[in-house]
Amino acid sequence: MAIDCLVLGAGQEIGKSCVVVTINNKKIMFDCGMHMGCDDHNRYPDFSILSKSGDFDKTISCVIITHFHMDHVGALPYFTEVCGYNGPVYMSYPTKALSPLMLEDYRRIMVDRRGEEELFTSAHIASCMNKVIPLDLKQTIQVDEDLQIRAYYAGHVLGAVMVYAKVGDAAIVYTGDYNMTTDRHLGAAKIDRLQLDLLISESTYATTTRGSKYPREREFLQAVHKCVAGGGKALIPSFALGRAQELCMLLDDYWERMNIKVPIYFSSGLTIQANMYYKMLISWTSQNVKEKHVTHNPFDFKNVKDFDRSLIHAPGPCVLFATPGMLCAGFSLEVFKHWAPSPLNLVALPGYSVAGTVGHKLMSGKPTTVDLYNGTKVDVRCKIHQVAFSPHTDAKGIMDLTKFLSPKNVVLVHGEKPSMMSLKDRITSELDIPCFVPANGETVSVASTTFIKTNASDMFLKSCSTPNFRFSNSSTQLRVTDDRTSDGVLVIEKSKKAKIVHQDEVSEVLHEKDHVVSLAYCCPVKVNEESDESGLIKQMSVKISETVSCADIHESETCLQVGSFKGSLCLKEMCVHRRGMSSSSSEVKFLCCNWSVADLELGWKIINAMKQNL
């Protein structure tokens, strides 16, 4: 059987993660995200590829969401409530708690503020979340009789998981987004050593290897401190969940140590709600946070306050965390328009920005103006500082995970094509693992594992344990090896369990005194009607002699023997052509006993000769 991996999103791009894997007739949808940089039909995955009729319940066995970021969960309400999928949806407890906040915040920004078409409503979000079945770490869920799934800690953001799925003997892991190193509030990804046919891994930073985080933290703190010390305002566009908490912990601690009195603001009530969930879900955080939580909750920030819209034009320095990240819409973009023209101010971009967003334009160079979505232009005179605080693993982390799991195949998603191709070459050359980089809409098929549990006869087991000593002399000592091998035959009888028996037991098992194991091949040949069987045998002999000069040929009236091959002729049918020419269609059957590689090569030459008209 094969495992088919259909990429509906994040194929050679970053955005709208959605991969549908078919394992032994079970279809699993991993993630159901949207593209943050698109505002047309490319925003969502093309679900019509899965079913032209739209009957997704019969097509999809289950949907599994790895974490709450919009590029992984943003299309889920649309898929369940608008497209009509009613099957099981799985995600971790934190992801189930935080996804509705992210989805509603996105809907409010895009519809209420930007006036875009409402693709799903608040009621759709609530109805969608009611269908979700929560997962706990390392909990094995039996989706149905054949399919089982298990979640592993992925780091990245609160509640992010990697997913193991198994059907029969075939098994895969889909990583979603993950981080192989700890940070201030989350631990590193953890997974068991598993036997896998396929690993599907994100590859956001496929060619980047990051050094120690401490120089990067110091650089970020110095940039923000320099800005506010000079009277400027520092804008940090970030998603309300994840990097906001990481950087708030960093700044809050630095403000305390340096006794800085400049205010730090959150722009969104969503972040306040998120911090509440972080306090409740301490068990999903790093060991450092768990230890500190005994005496003080690290998410109770001393120097961070809620932001009021009227403070946009207030004089004096400040630091503002504004959502969303990437400057793709919402309050962060609104503040950027007001603060970007001042050279005193700073925009610090803490993570990856998808192509098409304002954040990506700022990271791609030092533009003096930026075009916004409504066609207006903004003068950019402020300082731009890019901070490598991404929660994604780097190239080393991807290679380490792949080497640890040692899957039979790897598929890379969620990355930029040039970098992905470079990483593919590394995986292939350094780890000797086949690696694929499919685009959106493409399917990769790999072989799946099938194990057969068998019994073994006493005679076969005894023969395996019989010593088979081999002696060899070297210049200094006598070497003795014992390669214990035995020839066995796998027997599968109807309604009985498979069994391996010794070759001498086959007759008894088959209830026959003598037995011959043969390889047979039949091919049709066209012959003239006037030819009889003896004439056909003669023609075959001549044809083979012309084709295989070294053939050892023996003829009889109805049979032709060539080396280890025996050919016989049987008349199948008579047919008359429209032109009045009559001919007969016959079939030649070749049997081979005790064949070798050389015999096989000879056999194919004979068969090719017989396929031609005699």
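User: Before that, what kind of model is it?

Analyst: It is a predicted model, in which local features need pLDDT of at least 70 and side-chain atom pairs count only at pLDDT 80 or more, while totals for chains, interfaces and linings use all residues. Residues are numbered from 1 along each chain as its sequence is written, and side-chain values use heavy atoms, with hydrogens and water left out.

User: What pLDDT does the chain average?

Analyst: The protein chain averages 82, and 81% of the residues score at least 70. pLDDT is the predictor's confidence in each residue, from 0 to 100.

User: And where is it below 50?

Analyst: Residues 571-584 are one such stretch, and beyond near neighbours in sequence it has 23 contacts in the model. Residues 592-597 also stay under 50, with 12 contacts beyond four places in sequence. A contact means heavy atoms within 4.5 Å.

User: How many helices and strands are there?

Analyst: The protein chain has 17 helices and 32 strands.

User: How much of the chain is buried?

Analyst: Of the 614 residues, 50% count as buried. Buried means under 20% relative accessible area, exposed means over 50%, and partly exposed is in between, using a 1.4 Å probe and protein chains only.

User: What counts as a pocket, and what as a cavity?

Analyst: Both are found on a 1 Å grid over the protein atoms alone: a cavity is a set of points where a 1.4 Å probe fits but cannot get out, and a pocket is an open set with protein on both sides within 12 Å along at least five of seven lines. Lining residues have an atom within 4 Å of a point. Points are joined across faces, edges and corners, and the volume is the space filled by probe spheres set on them.

User: How do the pocket's lining residues divide by class?

Analyst: Four are nonpolar, eight polar and 10 charged. Ala, Val, Leu, Ile, Met, Phe, Trp, Tyr, Cys and Pro count as nonpolar, Asp, Glu, Lys and Arg as charged, and the others, Gly among them, as polar.

User: OK, and cavities?

Analyst: There are four of 30 Å³ or more. The largest cavity holds about 340 Å³ of space. It is lined by 26 residues, with His69, Phe239, Met326, Gly351 and Tyr352 closest to its centre. By class, that lining has 13 nonpolar, 10 polar and three charged residues. Domain 1 and domain 2 each supply at least three of the lining residues.

User: Back to helix 12. Which of its residues are buried?

Analyst: Ala395, Gly397, Ile398, Met399, Leu401, Thr402 and Leu405 are. They pack against strand 9 (161-167), strand 11 (198-202), strand 20 (410-413) and helix 13 (417-431).

User: And aspartate 400, what about that one?

Analyst: Aspartate 400 is in helix 12, but its relative accessibility is 34%, so it counts as partly exposed.

User: What follows helix 12?

Analyst: Serine 406, whose phi is positive, near 45°. Serine 406 is in the loop between helix 12 and strand 20, and at 46% relative accessibility it counts as partly exposed.

User: Last one: where is serine 17, and is it buried or exposed?

Analyst: Serine 17 lies in the loop between strand 1 (2-9) and strand 2 (18-23). Its relative accessibility is 2%, so it counts as buried. Leaving out residues up to four places away in sequence, serine 17 touches several residues, including Phe30, Asp71, Tyr174 and His414.

Terms used
Domains from an automatic or database assignment. Helix = DSSP H or I, 4+ residues; strand = E, 2+ residues; numbered from the N terminus.
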